[in-house]
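This report concerns strand pairing. Please look at the sequence and the model below before reading on.

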Amino acid sequence: MKSKIECQKIKKGILSLLFLGIFALAITLQSCNQKAKAAEKDKAISDLSIYNLPSKWTNQNGQNIEMKDMKGKVLVMVMIYTSCKAACPRLVADMRNIEQRLPENIKDKVKMVLVSIDPEADTPKRLKAFAIENKMNSNQWVFLRSTEENTREFAAVLAVNYKKVSPMDFSHSNIISVFNADGELTYQQEGLGVNSDPTIAKIKEEAQKIN
Amino acid sequence: MIQAKIVLFSFLLGIGTTLWAQKTPMVLIKGGTYVPLYGTADKKPVAITAFEIDVFPVTNAQYLAFLKKYPEYSRSKIKGIFADKSYLSHWQSDFDYGKNNLSNAPVTNVSWFAAKKYCECQGKRLPAMDEWEYVAMADEKRIDARSKEAFNKYIMSWYEKPKTYANPIGQTFKNYWGVYDMHGLVWEWTADFNSIFLSGESRKDRDTDKNLFCGSGSVNATDLMNYAAFMRYAFRGSLKARYTTRNLGFRCAKDKVAFVKTFQNLR
């Protein structure tokens, strides 16, 4: 008798497990399908555009956006994390420096985008605070975070390498990337405190193509 | 009630078996800790949570089946941002791997994006680099054979062998976990291949790089094993996500489903 009950319990268990398994599988496969469809829909986007990426992001104001929502602007992008004490302050300074040197008449055609490589710690709230602290609080500036996986993928697109080296610290490549209005990578500035002249020239060139 | 349950059960079983039938066998890798040869500050051990990994790399035939379902990843359709020009260049055409390639040879000339997508579409993911290395340090009998001379010699002799990528899967040794082809067939993508630093990095991780390059004595004995690993890490460090090469394939992994826990909760 006892064994019968046990057996029933096990059956019940197996049943639920199977159901759960199939459910989980269905969900993952579905998300895969959706991505494929999303890619198909936007045929106007060029082959090399980052607007092909289906990933979803949250900005410093807690709004959900996709990369393609920024279509039509020149994007100047960098990957950082806000608790960083070593290289990021200089990278951030480089970004600010570039922004300051842009002529006023093209500023509304350019977005300065900082993408967090530490989505766990860099909540929208924290990104907002960081923006205010660093005087990067105008419309020009966009701070983004997403899942770890999307972040890894985006880094792969930018050819930015990063690794968590301790709970609070990451090592990462210091690369500032310029994307044209169609989301194609057109220039990369590598290193810290390097001369930004070519970067700025490229931004101007791309901004002038937008009417 | 019981009848209804039985019907439901067999229905689900039916779905389950058809879904699972097409899948590559996976094995469970028990969790543990180990010190990877590169990539940790202070040589601290890395903790690996239990996960599952494909027993074999993905084959030409399997990849073809995927392309038929997702033609946007075929050779002529894939977007330039996701793969460079040599993507599947050894295949005959979009949906034909040709007579010169075995159906059960590992698929190569695939980009990281394509490999990642393939795994997602199987309900899996690419293994993390630390996971991959954890599985790869096992020989036939030991979880960690990295200090064994014969093991390292085996790996090194593979590096010297040309064109192993044309071989069928499953011909190399079966390791402690029951996994084949971690060494001896092709190099493999990992999810976070882009966490290696060869240049342009920001922080003190530089020490690691010195190890990578100056190889703080890469001629002494420990370091046949470091040399073997060096080759893998340096190779990964040289890759970009859209790159494809003839000797680079992949396999998929999966988080261990918390079956046991669910089961216990039910009781």
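The model is predicted: local features need pLDDT of at least 70, side-chain atom pairs count only at pLDDT 80 or more, and totals for chains, interfaces and linings use all residues. Residues are numbered from 1 along each chain as its sequence is written, while chains are lettered from A and ligands numbered from 1 in the order in which they are written.

Strands are DSSP runs (E, at least two residues), numbered from the N terminus, and two of them pair if DSSP finds at least two bridges between them.

In chain A, strand S8 (residues 175-179) has four of its five residues buried, so the rest of the structure largely encloses this strand. Buried means that 20 or more other C-beta atoms, placed from the backbone, lie within 10 Å of the residue's own. S8(A) and S9(A) form a hairpin with five residues between them, and A:Gly183 in the turn has a positive phi of about 80°.

| Antiparallel pair | Bridges | Residues standing opposite |
|---|---|---|
| S3(A), residues 74-80, and S8(A) | three bridges | A:Val76 and A:Val178 |
| S8(A) and S9(A), residues 185-190 | five bridges | A:Ile176 and A:Gln189 |
| S1(B) and S4(B), residues 51-54 | four bridges | B:Val27 and B:Ile53 |

Definitions and conventions. Buried ≥ 20, exposed ≤ 12 C-beta atoms within 10 Å, placed from the backbone.
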